[in-house]
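Please read these notes with the model open.

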Amino acid sequence: MSESLFDQASERLAAAIVHVDISEDAIERLKSPKACLQVSIPVRMDDGTLKVFQGYRVRYNDLRGPTKGGVRFHPSVNMDEVKSLAFWMTFKCAAVNLPFGGAKGGVAVDPKQLSKAELERLSRGYINAIADFMGADVDIPAPDVQTNQTIMGWMVDEYSNIQRKLCPAAITGKPIAMGGSLGRETATGLGAFFAIETLLPLLKMQREQTTVAVQGFGNVGAAIADLLSKSGYKVVAVSDSKGGIYAKQGLDIPSIISYKNSTKSFQAVYCQDSVCSIVEHQTITNDELLELDVDILIPAALENQITKDNAANIRAKYIFEIANGPVTPAADAILAKRNIIVFPDILINAGGVTVSYFEWVQNRSGLYWTVEEVNERLKQSMVAETMRIWQIANQKQISVRTAAYVHALMRLNEVIEAKGTRAYYAR
């Protein structure tokens, strides 16, 4: 029987526990989710038929505050995946010192097969089904794979209708007009950029000589590729769900983004004003992109992209995980033996939840920040936590991933110790 995604996620905890002195109580509390909910969502389709979709929400742990986590719409969504993602969110929020616990949600659906009206009915139906399980002081959803600010807008509107009052802090990642935060849409990519920039001199690398490949060209993948390209890094390959493009001399990322937004197609192009010309490039698969000889590889798609089956073929020097769980534990071990350093998702993609926290704070206070203020606060957080985790890795001579979990565990343990553990009651 193959190992479940949650079993893989739990291995991260087991690897970190041996490097930190924490109470037995903390270990017990972190082994299992606090609550799991599976719901059926009936949706009337445009042709009059009725379809029932399966939805999920997991609140993994709320030791540090209300749980926080995105909602994804994808055909592969299931309870094992959602539970694993909620586990990662618990450690991510602790690693970057947010007053949140971890949660996640999703619906098993291909949103590309739905009309806009069907998508709205599904989004509202999901919130109607989980309304008693969430709230600004309980559990706060946000965007994730194939959901966006429009969907979050429908969701917060539905929740407000159910509660008979405006509840902007119940959901983050909303449209600006509905209480969303400036800077939220680019926060995950920008947070990753700040982490890379912090680490670059420590790795003795220079932007202009650093080659990058990005797997996944959705909102986050496109954002990090654009930021790196504009800052002087040589982005040589990018891909979406249908495949990728590679050019040794580097790609014009802003032109590719503009071309894709206007034509819905994916090509290596150079654009001048509204005229785009296709430039010389190779067409590659997602698997081929992962195995390119580059300095930095950024998996920004889905989990389990680098496994024991392809880890031996990875040629990048450094891997920065923007996707959740793109490298399996078995692959981690192979990469470590080959001296390939992996910078983990619970640090690298934490920019999104950090600015979600800023949005939640702004909603509750009624005071809203400029995009410059948001980005500066994000930078301060990402730089500080990146440096702390890097120092732990070096001091304890452990992987950066294990160091991030150690860092998070120490913060989670502080809460448990404050409430009283076996050692306290045995005095």
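The points below take the sheets first, then the helix contact, then the pocket.

1. Basis. This is a predicted model, in which local features need pLDDT of at least 70, side-chain atom pairs count only at pLDDT 80 or more, and totals for chains, interfaces and linings use all residues. Residues are numbered from 1 along each chain as its sequence is written, and side-chain values use heavy atoms, with hydrogens and water left out.

2. Five-stranded sheet. An open sheet of 5 strands runs in the order β1-β2-β4-β3-β5, with mixed pairing. Strands here are DSSP runs of E, at least two residues, and helices are runs of H or I, at least four residues, both numbered from the N terminus. Two strands pair if DSSP finds at least two bridges between them. β1 and β5 (139–143) are the edge strands, each pairing on one side only. From one strand to the next, the twist averages 25 degrees.

3. β1 (residues 35–44) and β2 (residues 50–61) pair in the antiparallel sense over 10 bridges. Val39 has Gly55 of β2 as its bridge partner. Val43 has Lys51 of β2. The two strands form a hairpin with 5 residues between them. Gly48, in the turn, has a positive phi of about 95 degrees.

4. From β2 to β4. β2 is also joined to β4 (residues 101–108), by 6 bridges, and the two run antiparallel. Asn61 stands opposite Gly102 in β4.

5. Seven-stranded sheet. A further open sheet has 7 strands in the order β11-β8-β7-β6-β12-β13-β14, with mixed pairing. Its edge strands are β11 (282–284) and β14, each of which pairs on one side only. Neighbouring strands are turned by 20 degrees against each other on average, direction ignored. Within this sheet, β7 (residues 234–240) and β8 (residues 243–246) run antiparallel, joined by 4 bridges. Asp240 stands opposite Gly243 in β8.

6. Helix contact. How do α1 and α14 cross? The axes of α1 (residues 5–17) and α14 (residues 400–419) come within 9 Å and cross at roughly 80 degrees. That makes α1 roughly perpendicular to α14. Axes are lines fitted to C-alpha atoms, for helices over the stretch in contact, with angles from 0 to 180 degrees between N-to-C directions. Angles under 35 degrees count as roughly parallel, over 145 as roughly antiparallel, 65 to 115 as roughly perpendicular and the rest as oblique.

7. Contact residues. α1 contributes Arg12, Leu13, Ala15, Ala16 and Ile17, and α14 contributes Arg401, Thr402, Tyr405, Val406 and Leu409. Contact means heavy atoms within 4.5 Å. These residues divide into 7 nonpolar, 1 polar and 2 charged.

8. Second largest pocket. About 480 Å³ of space lies in this pocket. The lining has 22 residues, and Ala336, Ile398, Ser399, Val400 and Arg401 lie nearest the centre. A pocket is an open set of points on a 1 Å grid where a 1.4 Å probe fits, with protein on both sides within 12 Å along at least five of seven lines; lining residues have an atom within 4 Å of a point.

9. Lining. α1, α10 (329–337), β14 (341–343), α13 (371–396) and α14 each supply at least two lining residues of the second largest pocket. α10 gives the most, with 5 residues. The lining divides into 13 nonpolar, 5 polar and 4 charged. Ala, Val, Leu, Ile, Met, Phe, Trp, Tyr, Cys and Pro count as nonpolar, Asp, Glu, Lys and Arg as charged, and the others, Gly among them, as polar.

Key
Grid points are joined across faces, edges and corners, and a volume is the space filled by probe spheres set on the points.
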